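Visitor: I would like to go through this structure term by term and hear what each label rests on. Where shall we start?

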Amino acid sequence: MSEHCCESMTRRVTWHCEDHEDPFECPDALVMFDARFQEYGLIIHDGGASVIGIAFCPWCGSRLPDSQRDRWFEELEQRGIDPWGDEIPSEYEDGRWLHT
């Protein structure tokens, strides 16, 4: 997915703070997008790195794409790659693997 559902979502998932390098430390960072899995989540600001997955955009109400997490692991397994021990090919570190 190269674009998000609306301008507000795009603005939130591409948020960069001048004061905080880590979005989990920035109180203004609200949404995390994981391009590998096509997953969206609301950042939980409790000192950790947790998110709560969301299925609909909080701004426009659009249904967000289904997670590709299971497919990601299946494809790596088919290629003989152990995601916990092997080096992950660069196209699997972002959303490029979905377009091959």
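Visitor: What do S1 and S2 form, and how many residues are between them?
Guide: S1 and S2 form a hairpin, with four residues between them. In that turn, glutamine 38 has a positive phi of about 60°. This is a predicted model, in which local features need pLDDT of at least 70, side-chain atom pairs count only at pLDDT 80 or more, and totals for chains, interfaces and linings use all residues. Residues are numbered from 1 along each chain as its sequence is written, and side-chain values use heavy atoms, with hydrogens and water left out.

Visitor: What makes a stretch of residues a strand or a helix here?
Guide: Both are DSSP runs, numbered from the N terminus: a helix is a run of H or I with at least four residues, a strand a run of E with at least two. On that basis the protein chain has two helices and three strands. Their order from the N terminus is α-β-β-β-α.

Visitor: What do S2 and S3 form, and which residue in the turn has a positive phi?
Guide: S2 and S3 also form a hairpin. Five residues lie between them, and glycine 47 in the turn has a positive phi of about 95°. Strand S2 covers residues 39–44 and pairs with S3 over four bridges, in the antiparallel sense. Among the bridge partners, isoleucine 43 goes with valine 51 in S3, and leucine 42 goes with isoleucine 52 in S3.

Visitor: In what order do the three strands form the sheet?
Guide: The order is S1-S2-S3, in an open sheet with antiparallel pairing. Strand S1 (31–34) and strand S3 (50–53) are called edge strands, as each pairs on one side only. The twist averages 40° from one strand to the next; for such angles, axes are lines fitted to C-alpha atoms, for helices over the stretch in contact, and the angle runs from 0 to 180 degrees between N-to-C directions.

Visitor: Why is alanine 29 called buried?
Guide: Buried means under 20% relative accessible area, exposed over 50%, and partly exposed in between, with a 1.4 Å probe and protein chains only. Alanine 29 is at 3% relative accessibility, so the label is buried. This residue lies in the loop between helix H1 (7–13) and S1. Not counting residues up to four places away in sequence, alanine 29 touches Trp15, Pro23, Ile43 and His45, where a contact means heavy atoms within 4.5 Å. The C-alpha atoms of alanine 29 and histidine 45 are 9.1 Å apart, although the two are 16 residues apart along the chain. Of the 100 residues of the protein chain, 30% count as buried.

Visitor: What makes the meeting of arginine 71 and glutamate 75 a salt bridge?
Guide: A salt bridge needs a side-chain nitrogen of Lys or Arg within 4 Å of a carboxyl oxygen of Asp or Glu. For arginine 71 and glutamate 75 the N to O distance is 3.2 Å, so the pair qualifies. The two are four residues apart in helix H2 (residues 69–78), which means a separation of about one helical turn. Arginine 71, at 32% relative accessibility, is partly exposed.

Visitor: How many salt bridges does the structure hold?
Guide: The structure holds seven. Among them, aspartate 34 and arginine 36 have their closest N and O atoms 2.7 Å apart, and arginine 36 is partly exposed at 24% relative accessibility. Another joins arginine 63 to aspartate 66 at 3.6 Å; arginine 63 counts as exposed, at 53%.

Conventions:
Two strands pair if DSSP finds at least two bridges between them.
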